[in-house]
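Dear colleague,

I am passing on the structure we spoke about, together with some notes on what I found in it. Please have the sequence and the model open while you read.

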Amino acid sequence: MGLFDKLKRGLEKTKQILRTDVRDLFRAGEILDERVLQDFEGRLIRTDMGVAAANRIMTRLRAEHGGRTVDVNAIWKTVRDELVDLLTGSNNSLWDLNNPLSPLAKAESGPTTILVAGVNGAGKTTSIAKIANLLQKNGNKVVLAAGDTFRAAAVEQLTMWSQRLGCEIVRKESGSDPAAVAYEGCQRAVQTNADYVIIDTAGRLQTQKNLMDELDKVRRVIQKVIPAAPHESLLVLDATTGQNGLSQAQSFTKAVKCTGLVLAKLDGTARGGVVVAIRQEIGIPVKYIGVGEQIDDLELFDPKGFVDALFEK
Ligand SMILES: Nc1nc2c(ncn2[C@@H]2O[C@H](COP(=O)(O)OP(=O)(O)O)[C@@H](O)[C@H]2O)c(=O)[nH]1
Ligand SMILES: [Mg+2]
């Protein structure tokens, strides 16, 4: 099964609401009145796109089609266009879809540092392995730093990935200071002329102040080795947690600065529409999506491709 098929499966429920439930709503030749529009809004919200996104779509629909004779194709085009705009965000300078590394910031010189955070089980360590794989496939040398020192199993998990990838890993015994591991990871990356260093961290909740402070400490300490670090600060979200994960992510990004999202497990949810809600309500670009447990199951997020998949039969 190809990556695109996996994504499509993850969108099944959302697609079903959009296609089946809405099919009879707009009748060609009738006048598009407020009753139909409100009915449509309710269905949009049920796709997990969230209220804010649904509102934006409705505003545009009203302006462009309200009170006029229904042209079903034109209505769908408006919905699709608005969805693409929503997912692209305000800065239209989206990355180059032909270059899977283009969403990632790059250091002017020396190793680029990527710090990865999120709640427990979100998919951080797996996503790190996938990103490292992507970087290596594109000719980069990568060092991993096993900064989740909270659980021994986490260090083992990342070590196993590093062996499969054939890249260096910096690790310490569990219970060590994660900032120290991150520091050494950066040092090692500089010493070995690595292109990237990716720092894993233990799962944490935005409400755990000491753990959020710990993330700040990691940032401060790595800046002693690489002043502009972290160049990229990725928040990994579990797509299967839907709207719950959303509010959690909102507070998380308020507590620590994030430059991008990785939305993991999009293959495991039937409600992929949540991507729209996440983009709209968190205001940070979704850079990659995880569509499986294997090393290649990572895709560059493509708003237009995503919307096409949503409306494809
Ligand atoms: N189906 C699926 N499973 C994933 C994906 N990403 C991670 N996982 C699984 O989710 C579980 C937790 O992942 P892990 O990377 O250990 O999460 P962490 O605690 O945030 O580091 C593991 O069983 C992973 O295999 C994904 O994109 N799709
Ligand atoms: Mg982990």
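Please keep in mind from the start that this is a predicted model.

Aspartate 39 is partly exposed, at 29% relative accessibility, whereas Arg43 is among the buried residues of α3.

A second pair is formed by arginine 151 and aspartate 148, with 3.7 Å between the closest N and O atoms of the salt bridge. Here arginine 151 is partly exposed, with a relative accessible area of 38%, while aspartate 148 is buried, with a value of 4%.

The salt bridge between glutamate 184 and lysine 172 has its closest N and O atoms 2.8 Å apart. This pair links distant parts of the chain, since glutamate 184 is in helix α8 (residues 178-191) and lysine 172 is in the loop between β3 (168-170) and α8, twelve residues away. Both partners count as partly exposed, glutamate 184 at 32% relative accessibility and lysine 172 at 24%. Elsewhere, Arg56, Arg60, Glu64, Glu82 and Asp85 are joined into one network by salt bridges that share partners.

Turning to the domains, the protein chain is divided into domain 1, residues 3-88, and domain 2, residues 112-311, and their C-alpha centres lie 33 Å apart. In the interface, 32 residues of domain 1 are in contact with 31 residues of domain 2. The size of an interface is often given as the accessible area lost when the parts come together; for these two domains the buried area is about 2,800 Å², and carbon and sulfur atoms give 65% of it.

How many salt bridges are counted between domain 1 and domain 2? The count is one, and in the salt bridge between arginine 80 and aspartate 308 the side chains meet with an N to O distance of 2.7 Å. Three residue pairs are in polar contact between the domains, with both residues of each pair at pLDDT 80 or more. On the side of domain 1 that touches domain 2, at least two residues come from each of α1 (3-10), α2 (12-21), α3 (34-49), α4 (51-65) and α5 (72-88). The largest share, eight residues, is supplied by α5. By type, the residues on this side of domain 1 are 16 nonpolar, five polar and eleven charged.

Helix α3 also deserves a look at its end. Its buried residues are Val36, Leu37, Phe40, Glu41, Arg43, Leu44, Thr47, Asp48 and Met49. Aspartate 48 has a phi near 75°, a positive value in a residue other than glycine, and its relative accessible area is 13%. After α3 comes glycine 50, whose phi is also positive, near 90°. Another residue that is not a glycine but has a positive phi, of about 65°, is lysine 265, found in the loop between β6 (260-264) and α11 (274-282) and partly exposed at 32% relative accessibility.

In strand β5 (residues 232-238) you will find serine 233, which is buried with a relative accessible area of 7%. A polar atom of its side chain lies 3.2 Å from the backbone oxygen of lysine 257. Leaving aside residues up to four places away in sequence, serine 233 touches Leu115, Arg219, Lys257, Cys258, Thr259 and Gly260.

Finally, the peptide bond between alanine 229 and proline 230 is cis, with omega about -10°, and proline 230 lies in the loop between α9 and β5. Aspartate 216, in helix α9 (residues 209-222), is partly exposed, with a relative accessible area of 30%. The C-alpha atoms of aspartate 216 and threonine 240 are 28 Å apart, the two residues being separated by 24 residues along the chain.

With best wishes

Notes:
Residues are numbered from 1 along each chain as its sequence is written. Chains are lettered from A and ligands numbered from 1 in the order in which they are written. This is a predicted model: local features need pLDDT of at least 70, side-chain atom pairs count only at pLDDT 80 or more; totals for chains, interfaces and linings use all residues. Side-chain values use heavy atoms; hydrogens and water are left out. Domain bounds come from an automatic or database domain assignment. Contact means heavy atoms within 4.5 Å. Buried area is the accessible area (1.4 Å probe) that two parts lose on being put together, summed over both. A salt bridge is a side-chain nitrogen of Lys or Arg within 4 Å of a carboxyl oxygen of Asp or Glu. A polar contact is a pair of N or O atoms within 3.5 Å; within protein, one must be able to donate a hydrogen and the other to accept it, and residues adjacent in sequence count only if both atoms are side-chain atoms. Helices (H or I, at least four residues) and strands (E, at least two) are DSSP runs, numbered from the N terminus. Ala, Val, Leu, Ile, Met, Phe, Trp, Tyr, Cys and Pro count as nonpolar, Asp, Glu, Lys and Arg as charged, and the others, Gly among them, as polar. Buried means under 20% relative accessible area, exposed over 50%, partly exposed in between (1.4 Å probe, protein chains only).
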